[in-house]
Amino acid sequence: TDCEPSQLTFIVHPGIEKIISKIQLEKNMRERTSLMSSYFVTVVCLLFCSIYTCDGFTDLQRIEIAENFISAMNETGYDVGVGSIFNFMDRDCALLLVSGGDGCYGNNPTSPYGNYILPIIEGEFIDEDAPSLPVGENHAWEVGEHRIRGDEAIIFFGKTPPKSAYYGYTHYLKQRKLRDGKNVTIFGSLSDSLNPTNLNLDRSFHGSYEDSFDKDVVIIATPHRDVYSAVEEALNEAGVSSDIMNLQPISPELFRWGLGEEADTLSFLNRVALFENDEYGNDYLNDPPSIILRVTPRVEKNVTYPYPKPTRAPRTMATNEHYLEETLNALEESVFDTYSGNIVHTTTSVKEFPLFGEDCIMNAKPCFGDNSDATYFASFPEYTINDDQFYVIIGVDHMRSSTGAKYSSVVVGSTIKNLGIEGFNSIEHMESSSSVYLDVLHEHRDSVYAMTVRRDCTDHDFCLEIGNGLLGLPDEEPPNFLFRTYLHKHGSVGAPVDSLLMDRLFFVDPDSNRTSAISKGDKLAHKSIRDKFHLRNSAIKL
């Protein structure tokens with residue numbers, strides 16, 4: 001093994017504890033050599049089949065710790081309910097659509113979402129029309145958002161995902177009742193997301209992205225300082241270090257707690273994207289190595305010293321992508337030359353899509369499950385995709401630019417179904433895609449991409465195919481496009497919008513009656529689109 005004997009702990013049968021003590025005593029009496037250390041580890045592992053490794057708690061040990069924690073909390077006046085985490089995937093989206101729900105919550109097909117399923121406590125109001133999730137093999141419909149008291153705590157005790165491009169944990173204000181009695185779905189974040197750059201974990205180097213996977217982690221969401229202290233103390237006694245505990249405070253400046261109908265609802269998302277090993281990833285999603293606990297004092301406590309609104313990390317970046325503008329312009333020119341007579345000039349370009357939880361909460365407007373780790377752009381064009389028509393999308397591969405994003409993606413969606421249908425990303429699809437249009441003489445060719453979105457990708461490279469079935473795009477509906485860029489190489493949140501070059505979108509209709517040569521009018525239209533794309537960048541430079 002790679003760990004020292006001192007790092008190993010074991011759950012053992014009481015009848016063999018004396019043997020372990022004897023071996024340990026014998027070891028301590030001898031000179032500590034590498035050979036002796038190896039001998040000790042080998043003997044103990046052979047005899048007792050250790051259920052703990054230097055990678056952290058096993059499932060069995062985690063369960064025992066949770067049982068001990070619950071017992072300790074019960075003895076000090078707290079009830080603890082056990083919940084679960086449910087990973088929402090494409091198959092679940094289909095069930096939602098078939099059941100006549102409001103859609104798929106703007107899912108990201110590149111990144112399954114883990115949701116808390118909490119036990120409902122006495123007195124908690126549940127809306128009749130509260131959104132539900134099809135949980136488990138039997139697809140039992142469970143509520144994925146809850147009202148909580150100001151003295152409760154919600155605990156995630158588990159492992160971070162196996163190696164992947166990105167993961168994060170975020171708590172949300174899901175729904176709020178307005179003064180007119182109507183519920184509005186805000187889905188706004190209550191703090192910055194916890195991700196590999198800012199989580200408290202047991203790792204070799206603080207903030208090391210590569211050393212953040214398959215690690216034990218505890219996340220405690222609560223409005224109450226004393227309850228947090230009680231939870232921390234009980235976990236310490238059960239064998240969990242404070243070094244892996246992370247607080248997500250629920251502040252009254254943003255959230256109206258309580259169990260009644262007038263209170264806000266709380267929800268949670270655990271995002272994970274693009275596993276390095278699909279087998280490990282599927283195991284993690286299908287059987288999450290985590291325990292979810294809801295801690296409630298038997299006698300309600302007043303919140304006399306609540307947490308303030310969390311301070312958000314600033315979105316700053318020392319570099320920007322303006323050095324790629326010439327390359328992106330050359331790519332655009334090549335696209336126009338390739339499809340000269342068939343490009344239909346859309347009036348809707350790619351735009352900023354700013355989603356900030358606090359702003360949404362304060363103004364009671366939808367935030368669509370915003371994530372501080374991401375920078376968003378969006379486009380809602382007016383043309384449907386039928387027959388041989390298609391979209392060409394070009395832009396910067398933010399993972400391979402100076403931004404150094406963990407990954408970037410483009411998702412094609414249906415507004416009617418609130419559905420992310422399919423997507424392409426910087427890890428699996430964008431690399432070398434611009435070579436179709438640019439030769440090797442372009443210095444930064446590998447930092448930009450070019451993809452098409454079609455109904456049929458037969459004989460087309462660097463193409464994303466969109467069907468029209470249940471999880472597809474209806475023939476009569478134009479697609480929407482959502483562009484996400486996750487983190488950057490020197491920050492714990494997403495890149496600032498002004499540092500990124502926006503993607504560009506063109507609609508091509510091969511059956512249009514336009515001539516193949518670019519006319520003067522076409523050139524003017526092309527220039528008009530070009531001016532739209534670059535007006536914002538020029539303003540930033542000024």
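Me: Which strands stand at the edges of the open sheet of 9 strands?

Reply: In this predicted model, the open sheet has mixed pairing and the order β7-β6-β10-β2-β1-β11-β5-β8-β9. Strands are DSSP runs (E, at least two residues), numbered from the N terminus, and two strands pair if DSSP finds at least two bridges between them.

Me: In β2, which residue is the bridge partner of Phe88?

Reply: Strand β1 (residues 78-88) pairs with strand β2 (residues 113-117) in the antiparallel sense, over 5 bridges. Within β2, the partner of Phe88 is Tyr113.

Me: Is Thr485 buried or exposed?

Reply: Thr485 has its place in strand β20 (residues 480-486). Beyond its neighbours within four places in sequence, its contacts (heavy atoms within 4.5 Å) include Asp373, His398 and Leu500. Buried means under 20% relative accessible area, exposed over 50% and partly exposed in between (1.4 Å probe, protein chains only). With a relative accessible area of 3%, Thr485 is therefore buried.

Me: What is the relative accessible area of Leu471?

Reply: Leu471 lies in the loop between β19 (463-465) and β20. This residue is partly exposed, and its relative accessible area is 33%.

Me: How are residues numbered, and which pLDDT do local features need?

Reply: Residues are numbered from 1 along each chain as its sequence is written, and side-chain values use heavy atoms, without hydrogens and water. Totals for chains, interfaces and linings use all residues, side-chain atom pairs count only at pLDDT 80 or more, and local features need pLDDT of at least 70.

Conventions. Helix = DSSP H or I, 4+ residues; strand = E, 2+ residues; numbered from the N terminus.
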